[in-house]
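Here is a briefing on one protein chain. Keep the model open while you read.

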Amino acid sequence: MKAQRGHAKNSGSVAPRNFGKIGPSGSMKAGGGREGLRVQFTRGIHGSDPILGMPYPQIAFVGRSNVGKSSIINALLGGVFARVSATPGKTQEINFYTVDDRLFVVDLPGYGYAKLPIPIAEKIRKHILWYLGGGEVRPKIVLLILDARVGVTDQDRELIDVVRNEGHPLLVVLNKWDKLNQSEAVHALRDFKNAYPDIEVIPASAEKKYNIPLLFDRLALKK
Ligand SMILES: Nc1nc2c(ncn2[C@@H]2O[C@H](COP(=O)(O)OP(=O)(O)O)[C@@H](O)[C@H]2O)c(=O)[nH]1
Ligand SMILES: [Mg+2]
């Protein structure tokens, strides 16, 4: 299976490496995260990888391209760690960030970008399904990020089904809440709760930092 193909740069040690480009001013922000978290980009994987065998809990972020996954990760961790607004579909890797040498924040590639050639979109979809449904990984929790203005798409539904079938804990974030007026906000929350009454949902804004402290506590990012 293609998604399981190893990638040359993934071979070797799984120890966190310092990729100097990731920090906001060209330097790594180890120790510079929210509440003193030490955050490091560790590696991007393309399939099976030794990092999956490390005993750190994984907090996985999934969602359509451009919904704000990387922005939510950066807001939560308190720095510029994940690349925001890269060309949609360009990131096909599953990116691992190490937090305090005790957990992984996992940024999955975005799906659903309409302009992507179908074979690439399908490759991304398979890669995500491999991570969530391949049986190699048991994420501590999966965060499905939605654009609050858009709500749940067909591909989100497919993903929710996979996550539930696998029994992974699931939390939905309605991001870009700052873009909704009061009545849109009421409808967005009500629509989601009607469709999925048993899924925990939190409205948030990475941009305005709305409910970011709540999410931070909910995910127990600081021990
Ligand atoms: N207004 C608003 N824009 C946001 C918010 N979160 C992310 N964005 C913007 O949405 C775009 C995509 O964000 P990004 O984090 O790269 O999305 P990703 O593809 O899901 O990782 C960027 O232009 C962000 O600045 C938010 O809460 N409010
Ligand atoms: Mg991203």
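Just after helix 1, Gly78 takes a positive phi of about 80 degrees. Helices (H or I, at least four residues) and strands (E, at least two) are DSSP runs, numbered from the N terminus. This is a predicted model: local features need pLDDT of at least 70, side-chain atom pairs count only at pLDDT 80 or more, and totals for chains, interfaces and linings use all residues. Residues are numbered from 1 along each chain as its sequence is written, while chains are lettered from A and ligands numbered from 1 in the order in which they are written.

**Helix 1**

- Helix 1 is largely enclosed by the rest of the structure, because 9 of its 9 residues are buried. A residue is buried if 20 or more other C-beta atoms lie within 10 Å of its own, exposed if 12 or fewer, and partly exposed in between; the C-beta atoms are placed from the backbone.
- Ile72 touches Phe61, Ile145, Val173, Asn175, Ala204 and Ala206, leaving aside residues up to four places away in sequence. Contact here means that two C-beta atoms, placed from the backbone, lie within 7 Å.

**Arg34 and its surroundings**

- Arg34 is found in the segment before strand 1.
- Its contacts are Leu77, Gly78 and Phe216, not counting residues up to four places away in sequence.
- Arg34 and Asn74 are 40 residues apart along the chain, and their C-alpha atoms are separated by 9.5 Å.
- Arg34 counts as partly exposed because it has 18 C-beta neighbours inside 10 Å.

- The 7 strands of an open sheet have the order 1-3-4-2-5-6-7, with mixed pairing. Two strands pair if DSSP finds at least two bridges between them.
- Strand 1 (39–45) and strand 7 (200–203) stand at the edges with a single partner strand each, so one side of each is left without a neighbour in the sheet.
- On average, neighbouring strands of this sheet are turned by 25 degrees against each other, direction ignored. Axes are lines fitted to C-alpha atoms, for helices over the stretch in contact, and angles run from 0 to 180 degrees between N-to-C directions.
- Helix 1 (residues 69–77) packs on the sheet, and its direction makes about 155 degrees with that of strand 4. The strands it touches include strand 3 (94–99), strand 5 (141–147) and strand 6 (170–175).

**Strand 2**

- Strand 2 (residues 58–63) runs parallel to strand 4 (residues 103–107), joined by 4 bridges. Strand 2 also runs parallel to strand 5, with 5 bridges.
- Ile59 stands opposite Val105 in strand 4 and opposite Ile141 in strand 5. The bridge partner of Phe61 in strand 4 is Asp107.
- In a regular strand the side chains alternate between the two faces of the sheet.
- Gln58, Ala60 and Val62 point one way from strand 2, while Ile59, Phe61 and Gly63 point the other way.
- Strand 2 is largely enclosed by the rest of the structure, because 6 of its 6 residues are buried.

**Core and chain totals**

- The largest nonpolar core has 48 residues, of which Phe61, Ile72, Val106 and Leu144 touch the most other members. Such a core is a set of buried Ala, Val, Leu, Ile, Met, Phe, Trp, Tyr and Cys residues joined through C-beta atoms within 7 Å.
- The chain has 5 helices and 7 strands, in the sequence pattern β-β-α-β-β-α-β-α-β-α-β-α.
- Of the 223 residues in the chain, 37% are buried.
- Among contacts with a separation of 6 or more, 72% join residues 24 or more positions apart.

- Most residues other than glycine have a negative phi.
- Asn66, in the loop between strand 2 and helix 1, has a positive phi of about 80 degrees.
- Asn211, in the loop between strand 7 and helix 5 (212–218), has a positive phi of about 65 degrees.

**Confidence**

- The mean pLDDT of the chain is 86, and 83% of its residues reach 70 or more. pLDDT is the predictor's confidence in each residue, from 0 to 100.
- Over residues 1–29, pLDDT stays under 50.
- Where pLDDT is low, the predicted coordinates should not be read in detail.
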